[in-house]
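Student: Could you walk me through a sheet in this one? I'd like to go strand by strand.

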Amino acid sequence: MNDTLVKNSDNNEWFKQRLPWAMAIVLVVFGALFMRLFYLQILEGHEYRRLSENNCIRLQEIPAPRGLIFDRNGRMLVDNRPSFNLTIVLKDARPLNRTLEKLSQLMGVSVDELKSRIAARKSSAYKPIVLMHDMDRDLLAAVEVHRFDLPGVAVSVQPRRQYLNRDVAAHLIGYLGEVNLKELKSAGDAGYKPGDFIGKLGAEKTFEKLLRGKVGGRQVEVNAAGQVVRVLNTVDAKPGYNIYLTLDLSLQAKARDLLEGLAGAVVAMDPNDGEILAMASSPSFDLNVFVSGLTPGKWRSLSRNPFRPLENKAIQGEYPPGSTYKIVTAIAGLEEGVIDENTTFFCPGFYRFGNRIYRCWKRGGHGNVNVVKALAESCDVFFYNVGHRLGVDRLAWYAHACGLGRPTGIELDHEAGGLIPTASWKRKRTGVPWQRGETLSVAIGQGYDLATPLQNVVMISAIANGGLRYQPMILKRIETAEGRVVRQLRPKLVGRLPVSPKTLALVRQGLWQVVNGKHGTARICRVKGIEISGKTGTSQVVGRKKGETGKVVRPAHRRAHAWFVAYAPSDNPRIAVAVVVEHGEHGSSAASPIARELIKTYLGEKSTDMKLVVRQAQAPAGDRGG
């Protein structure tokens, strides 16, 4: 009993000794809580009350500067300039109707129009909606003057494209447009949102991922009207990569000038690596009209123009290749043993097959013709004979091997594949067997044959460089905004021509004679000090009616297209060119002067008077080969 009392007494004494310490700890904790509450509610209460009431901490996006575009020599093609965009945050624009009425008066558009723009781009109530891109200075000044009467309305600055050369290389460079619903869905988690701009055509579209950059952001404090009070934190945007195209700006501008007033296309390529030096399609258009959005009237004028300015004829225009296809027929005939360097056919000016007469362009005929002379003077009868002996399927095999009848693989959207017919293709398409007479037309590049200027320049480049077929390329290198090289592009070899050195030498001799021979069809293309080799072509839009003979005068829209393909210098080619002039009639008079001037420009010779070249291209011509 005494032991128990002693033990309880000891416990009470231990508790009494520690109780003050426990109370002290409790007091310290409560004191700390009290001091913190005092600090938050008394000392900083006004600040936090303001933040709470106005919900004023927001995240704002910082747009990334889009990468710049340069030509192969570092000359700028596309720059960025500041654009002032009018935005509205619905949560702050209270009362909304009153704010919109005020904006309507300043902008000169109806309230209903503003509401439709909001509905089209509506997202979070706290995120800004773009009401107008690239506003002019007068509206900018008006908005700034009335900013306190426009709650939730702000002006943001965003980089906007500036195309420095307007319509030069418009189809190759391309333009931007506001992202649509389909593009938003296909982009997935790429970070696009309504109101963003995205590449719509050409290099701007092809290299969108390289050019776009990475958006940044900042944490800001805003007042009750949504106006920024201070910036709390910033994450800088990352600019897109700069890209250098293979394009030569001087040559491209020359091509544009040469095609002025004409409908057609020009492609110039380095035959040794496939780099596109120039690509022009005419008529062209000013890229800058797309920057701020096209008016309905301007869009109608472009889209309904019968000369199709929005079409890149260099890669989308499909034309009968005319006599330029005789290069394929010559290669096929020589490689298949149907002809050799000594084979001759007599040309009286026509070729009789069955009960039909197939005419040569030269009414009096060329006499006895071998393959070199046939190429030089573009004798149809010679190639009728070769085509008849080969058949359409063997011709088609060699045409495909030369790069015709399928897309080249250039990094541009909507490239057309052309058409190289076969017997099975016709039966599948029409249900009718191939007729042997149709092969005669195909052998001279008429009939069902279709080719693009790009395909033709790939073919003539392979002839020029010894038989190597390169994939055309438009991107030369990629750099960071600071100038560090990220990637240097290399040529891509995609095939070889199925030709022996002997065949290639004969064909090249014939192409040299086209320009430099006494009776060559492109003698007008001669340049002192530069040897050019090439092939003219004339592709019929409509055939002759039964009973038509001699020269037939047709309306402009029914005249033949004019072709010319060439390379220079003949012994050490540095440039290959394909030219097509729609309804130009004769390659010799309409297309070859354009190629001549391009070659002179690129190889450093003084060019001829431009007005003379245009007159030559537009002047009516007599019966001239190709």
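Tutor: Let us begin with E21, in which 7 of the 7 residues are buried, so this strand is largely enclosed by the rest of the structure. Buried means under 20% relative accessible area, exposed over 50% and partly exposed in between, with a 1.4 Å probe and protein chains only. This is a predicted model, where local features need pLDDT of at least 70, side-chain atom pairs count only at pLDDT 80 or more, and totals for chains, interfaces and linings use all residues. Residues are numbered from 1 along each chain as its sequence is written, and side-chain values use heavy atoms, leaving out hydrogens and water.

Student: Which residues of E21 are on each side?

Tutor: Ser533, Lys535, Gly537 and Ser539 lie on one side and Gly534, Thr536 and Thr538 on the other, all of them buried.

Student: And what is the strand order in the sheet?

Tutor: The sheet is open, with 5 strands in the order E12-E11-E23-E22-E21 and antiparallel pairing; two strands pair if DSSP finds at least two bridges between them, and strands (E, at least two residues) and helices (H or I, at least four) are DSSP runs numbered from the N terminus.

Student: Which strands stand at the edges?

Tutor: E12 (276-282) and E21 (533-539) do, each with a single partner strand, so one side of each is left without a neighbour in the sheet.

Student: How many bridges pair E21 and E22?

Tutor: They pair over 7 bridges in the antiparallel sense, and serine 533 has tyrosine 567 in E22 as its bridge partner.
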